[in-house]
Amino acid sequence: MIFCISCGRSLRAENRRGAVALPTVKFTRREEEDALAEVSKAECSDAESKHVQEDERDTDLCGVCGKHFESEESLRLHLQTYIRTNDCEVCGKHFDGHKQLEMHMRTHTGEKPYICSVCGKAFAQNGNLMGHMRVHTGERPYVCSVCGQSFSFKEYMMAHMRIHTGEKPFLCSVCGKGFRQRGTLKTHMMIHTGESTHRCNVCDKKFYKSGALKIHMRSHTGEKPYLCNVCGKSFTASSSLTKHMADTIVLKLII
C-alpha cells in the first residue's frame with residue numbers, strides 16, 4: 001500500500017497508474033527488485049501529487065453548499081453570504097445594508113435626531129423631516145393627473161388616485177368591505193372589535209373617529225362654524241351644510 005508523505009493517508013488503488021510491463025529479458029533477482037522499486041517510486045510520486053492537488057482543491061470548497069471556488073478570496077466572499085450581519089437584534093428583521101438597520105433600530109429605541117427648526121417636531125429619518133417641512137412652506141409637488149389636485153406627499157396622491165380608479169385594496173377580513181386607505185380599514189375594524197378609542201369627556205359617548213368626536217363636541221359647546229351664504233343659517237358639520245345647500249337649490253328650482 002502507498003501512503004502520502006504529506007498527510008499519511010493511504011492512496012486508493014485507482015490513483016495508481018496501470019501496471020508497467022517489465023522487459024522480457026532475464027534479470028537477476030537483485031536487478032528485478034531494483035526495477036520494481038523504481039516503478040513503485042514513480043507510482044507513489046504520481047499518486048501523491050494527484051492526492052495533494054485534490055486536497056488543495058478541497059480547501060476551496062464551500063462546506064455549506066459544496067460549490068468550488070478558484071481562490072480562497074472567492075470562497076471567503078461566498079461564505080459571507082451565509083453570515084447575516086445586518087439582522088435586527090430586537091425583532092430579527094434583515095436589512096441589506098448597515099445604514100438601513102441603523103435607521104430601523106430607531107423604531108425600537110425611539111430616537112428622533114432630526115428636528116424641525118420651525119415647530120420643534122422630531123423625526124427618526126431625515127426624509128420624513130423634509131416632507132414635514134412642506135407643511136410650513138406650503139409646497140405641494142405631487143399633482144393628480146386627473147383633477148389637478150396637489151399634495152405634499154406622494155403617498156397622499158397615490159391614495160387620492162384611488163378615488164378616480166375605484167381601487168379599494170384594503171379589505172376587511174370579517175365582512176369583506178374594501179377601503180382605499182389602510183387607516184380607514186383600521187377604523188372600520190373597530191366596529192367588529194367593539195373598540196372605541198375616542199370618548200367624549202362630557203357625556204362619555206364613544207366614537208370610532210376623532211373627527212366624529214370633534215363634531216359631537218359642538219353639540220355641547222354650541223359651535224356652528226359652517227355658515228350658509230344664502231340664508232345665513234349655520235351648522236355644526238360640513239355635511240349638514242352641504243345637504244342644506246342642495247335642498248335650497250332644489251327649492252329654488254321648484255319655485
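1. The areas come from the Shrake-Rupley method, and for residues only the protein chains shown count as cover.

2. On conventions: this is a predicted model, in which local features need pLDDT of at least 70, side-chain atom pairs count only at pLDDT 80 or more, and totals for chains, interfaces and linings use all residues. Residues are numbered from 1 along each chain as its sequence is written, and side-chain values use heavy atoms, with hydrogens and water left out.

3. Glu111 pairs with Arg106 in a salt bridge, with 3.9 Å between the closest N and O atoms. The term requires a side-chain nitrogen of Lys or Arg within 4 Å of a carboxyl oxygen of Asp or Glu. Arg106 is buried, with a relative accessible area of 10%. Arg106 also bridges to Glu102, again with closest N and O atoms 3.9 Å apart. Glu102 is partly exposed at 34%.

4. Where do Glu102 and Arg106 lie? Both are in helix α3 (residues 98–109), four residues apart, about one turn of the helix. Helices are DSSP runs (H or I, at least four residues), strands likewise (E, at least two), numbered from the N terminus.

5. Glu223 and Arg218 form another salt bridge, at 3.9 Å from N to O. Glu223 is partly exposed, with a relative accessible area of 41%. Arg218 is buried at 9%. Shared partners join Glu102, Arg106 and Glu111 into one network of salt bridges. The count of salt bridges by this rule is six.

6. Which residues gather in a surface patch of positive charge? They are Lys168, Lys177, Arg180 and Lys209. Patch members have over 30% relative accessible area and no salt bridge; like charges are joined within 9 Å, nonpolar side chains (Val, Leu, Ile, Met, Phe, Trp, Tyr) within 5 Å. Lys and Arg count as positive, Asp and Glu as negative; His and the chain ends are not counted. Each charge is placed at NZ of Lys, CZ of Arg, CG of Asp or CD of Glu. Lys209 sits in the loop between β8 (206–207) and α7 (210–221).

7. Check the backbone at Asp204. Its phi is positive, about 70°, although Asp204 is not a glycine. Most residues other than glycine have a negative phi. Asp204 lies in the loop between β7 (198–199) and β8. At 46% relative accessibility, Asp204 is partly exposed.

8. Two pairs of positions link separate parts of the chain. Thr187, in helix α6 (residues 182–193), is buried at 19%. Lys154 belongs to helix α5 (residues 154–165) and is partly exposed at 47%. From Lys154 to Arg140 the C-alpha distance is 9.4 Å, at a sequence separation of 14 residues.

9. The UniProt record (unreviewed entry) places "domain: C2H2-type" at residues 86–113, 114–141, 142–169, 170–197, 198–225 and 226–245. Such annotations may be inferred rather than shown by experiment; positions follow the numbering used here, and feature names are shortened. Residues 86–113 are 43% helix and 0% strand, with end C-alpha atoms 21 Å apart. Residues 198–225 are 43% helix and 14% strand, with end C-alpha atoms 22 Å apart.

Technical notes. Accessible areas come from the Shrake-Rupley method with a 1.4 Å probe; for residues, only the protein chains shown count as cover. Buried means under 20% relative accessible area, exposed over 50%, partly exposed in between (1.4 Å probe, protein chains only).
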